[in-house]
Amino acid sequence: MRRKEKQQASHVRPRRIPPAGRLAVFLAALAAGLLLGGGALFSEELEATFYHVYSPKIAAGETVRTVVLSDLHNREFGPENAELVEQIQVLEPDIIAIAGDMVNADEGSLAVVLGLCEKLVGIAPVYYSPGNHESNLMYEQGVPIESQLSQLGVHVLVNRAEEAVIHKTSFLIGGLTTAPEGYEEYGAAFFAEYEKSAAISANCCLPP
């Protein structure tokens, strides 16, 4: 596993990470793919990038740790994603946010993502905002990915948000599942209301 912190890479296997300090939100983003110049550059290694984000809205003395997953595209790290699950367990997250494209629209198989999510919900609450590949499966091919994830206990966020209290701090965790051309019709109203919240807004994807 490759680890990056403050843009410097290290090949040290991550150990238990102590709290970052007062009023800190800790984000660990795990991704297997990177889009460059319109082409996909995929890595067969599991790469982790660490961010420390500070907010006055965090309850005094508390630290919230979030793991963000995206763009695995049905790839696995170890048998049944054992290596990925182990690394997430080491991070001891308070929540796990999935920002989409965990599947491939041209394959239609949900076995990998469902197997992974079944393990992740045993570590921390999982919030899943479908990406364009999931959206294609749901709306173009009729694959019931939303209901199958929900049955596992995953919070599936399709243009909606859920409130959560983590370590005395209120969060509004949202997911925007709308292509840019459909944003005004399907996503704009949700996002306008979402941004009014006094809680910490944690969106699982970037708006178009």
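Predicted model: local features only at pLDDT ≥ 70, side-chain atom pairs only at ≥ 80, totals over all residues.
Residues are numbered from 1 along each chain as its sequence is written.

The largest nonpolar core holds 32 residues. A nonpolar core is a set of buried Ala, Val, Leu, Ile, Met, Phe, Trp, Tyr and Cys residues joined through side-chain atoms within 4.5 Å. Buried means under 20% relative accessible area, exposed over 50%, and partly exposed in between, with a 1.4 Å probe and protein chains only. Leu-69 and Ile-98 touch the most other members of this core. At least two residues each come from strand E4 (39–54), E5, H1, E6, H2, E7, helix H3 (132–140) and H4. Helices (H or I, at least four residues) and strands (E, at least two) are DSSP runs, numbered from the N terminus. The most is given by H2, with 5 residues. Another core, of 10 residues, lies apart from the largest one. Its members include Ile-58, Ile-166, Phe-171 and Ile-200. In soluble globular proteins, nonpolar side chains tend to be buried together.

Helix H2 (residues 111–120) is mostly covered, with 7 of its 10 residues buried. These are Val-112, Val-113, Leu-114, Gly-115, Leu-116, Cys-117 and Leu-120. They pack against E5, H1, strand E6 (95–98), strand E7 (126–128) and helix H4 (145–151). Contact here means heavy atoms within 4.5 Å.

In H3, the buried residues are Glu-134, Ser-135, Leu-137 and Met-138. Seen down the helix axis, they fall within an arc of 160 degrees, so they line one face of H3. The arc is that of the directions from the helix axis to the C-beta atoms. Asn-132, Tyr-139 and Glu-140 are exposed on the other side. The buried residues of H3 pack against E7 and H4. Just after H3, Gly-142 takes a positive phi of about 70 degrees.

Most residues other than glycine have a negative phi. Glu-80, not a glycine, has a positive phi of about 55 degrees. Asn-81, also not a glycine, has a positive phi of about 60 degrees. Glu-80 counts as exposed, at 56% relative accessibility. Asn-81 counts as buried, at 1%.

The count of salt bridges comes to 1. A salt bridge is a side-chain nitrogen of Lys or Arg within 4 Å of a carboxyl oxygen of Asp or Glu. Arg-160 forms it with Glu-162, the closest N and O atoms being 2.7 Å apart. Arg-160 is partly exposed, at 32% relative accessibility. Glu-162 is buried, at 18%. Glu-162 lies in strand E9 (residues 160–166). Its side chain also makes a polar contact of 2.7 Å with that of His-155. A polar contact is a pair of N or O atoms within 3.5 Å; within protein, one must be able to donate a hydrogen and the other to accept it, and residues adjacent in sequence count only if both atoms are side-chain atoms. Leaving aside neighbours within four places in sequence, Glu-162 is in contact with Tyr-127, His-155, Leu-157, Phe-171, Leu-172 and Ile-173.

Note on methods. Heavy atoms only, no water.
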